[in-house]
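Hello,

Here is the structure I promised to pass on. Please open it first, then read my notes below.

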Amino acid sequence: MVSFPSISIHQQFAQLGIDADHATLEQKQPKATYEMKRVPPKLQIESPRGDLQIDQSKAWDALNRGGHLETMNRIYSEAKNVALQGIARIVEQGNRLGNIAAGGNPIADNAQQLFFERFEFNFVGPAAYDNVDIHYTAKKPRIEVTDGLVEVNVQVNRPELNVSRGKLDIYMLQYPKVEITPPQIDLKI
């Protein structure tokens with residue numbers, strides 16, 4: 001048997017090396033600046049006092065404590081009646097003294113009548129339950145409202161970004177090669 005020489009071929013593949021570091025991203029988002037100012041509402045109420053008018057002049061007049069002018073006017077208006085009553089009394093006393101035939105003691109009777117007799121002289125006002133007049137006038141309150149408000153001031157802060165670049169290195173770990181080994185030839189034949 002004859003053997004034929006064979007060629008030996010060895011192949012080595014290429015190998016790539018990759019060194020990669022990832023990029024980093026740092027992100028910070030500061031909170032928004034928020035300011036709020038509240039102005040409270042104002043309520044102002046002014047309540048003026050009402051007017052109270054009390055008229056007691058009729059009551060004081062009925063108690064003989066009224067005004068001087070009213071008393072003098074009453075005395076003036078009653079003076080005519082008082083004078084007529086006095087004249088009537090004098091006439092009656094004179095008639096008694098003139099009637100001697102009637103008997104009795106007319107001088108003593110006249111004195112007794114004069115002592116116990118009272119004539120009506122009304123110079124005070126009438127007494128009544130409603131002599132005091134009360135009148136009250138209420139006044140409306142003044143209400144003033146000033147609206148309150150809320151002032152809001154918002155300022156958005158930008159995000160803070162910090163980027164670190166990554167790296168990418170590609171290199172040859174092993175180059176490709178092909179080895180061809182020829183057969184050994186036996187030259188002795």
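E46 and R142 form a salt bridge through their side chains, with N and O 2.4 Å apart. This pair joins distant parts of the chain: E46 sits in strand β5 (residues 42-46), R142 in strand β8 (residues 142-146), and 96 residues separate the two. E46 is partly exposed, at 42% relative accessibility. R142 is partly exposed as well, at 48%.

Bear in mind that this is a predicted model.

How many salt bridges does the structure hold? There are six. Two others are worth a look.

D51 pairs with K139, and their closest N and O atoms are 3.9 Å apart. D51 belongs to strand β6 (residues 51-55), while K139 lies in the loop between β7 and β8. The two are 88 residues apart, so this is again a link between distant parts of the chain. D51 has a relative accessible area of 35%, which makes it partly exposed. K139 is partly exposed too, with 42%.

K167 bridges to D21, the closest N and O atoms again being 3.9 Å apart. K167 lies in strand β11 (residues 167-174) and D21 in strand β2, so the bridge ties together parts that are 146 residues apart in sequence. The relative accessible area is 38% for K167, a partly exposed residue. D21 is partly exposed at 42%. There is also a network here: salt bridges with shared partners connect D19, D21 and K167.

Now the chain as a whole.

It has three helices and twelve strands. The C-alpha trace spans about 225 × 35 × 20 Å along its principal axes. Of the 189 residues, 6% are buried. The accessible surface is about 17400 Å², and carbon and sulfur atoms account for 56% of that.

On charge, the chain carries 21 positive and 23 negative charges. Their mean positions are 3 Å apart.

Two loop residues deserve a visit.

Start with F13. It is found in the loop between β1 (8-12) and β2 (15-21). Is F13 buried or exposed? Its relative accessibility is 60%, over the 50% cut-off, so F13 counts as exposed. Leaving out residues up to four places away in sequence, F13 touches Q174, Y175 and P176. Compare that with A32, which is 19 residues from F13 along the chain. The C-alpha atoms of F13 and A32 are separated by 59 Å.

Then go to N131. This residue sits in the loop between α3 (106-116) and β7 (133-137). N131 has 8% relative accessibility, under the 20% cut-off, so it counts as buried. Which residues does N131 contact, aside from its neighbours within four places in sequence? They are D55, K58, A59, A62 and P126.

Best wishes

How values were computed:
Residues are numbered from 1 along each chain as its sequence is written. This is a predicted model: local features need pLDDT of at least 70, side-chain atom pairs count only at pLDDT 80 or more; totals for chains, interfaces and linings use all residues. Side-chain values use heavy atoms; hydrogens and water are left out. Helices (H or I, at least four residues) and strands (E, at least two) are DSSP runs, numbered from the N terminus. Buried means under 20% relative accessible area, exposed over 50%, partly exposed in between (1.4 Å probe, protein chains only). Accessible areas come from the Shrake-Rupley method with a 1.4 Å probe; for residues, only the protein chains shown count as cover. Lys and Arg count as positive and Asp and Glu as negative; His and the chain ends are not counted. The place of a charge is taken as NZ of Lys, CZ of Arg, CG of Asp or CD of Glu. Contact means heavy atoms within 4.5 Å. A salt bridge is a side-chain nitrogen of Lys or Arg within 4 Å of a carboxyl oxygen of Asp or Glu.
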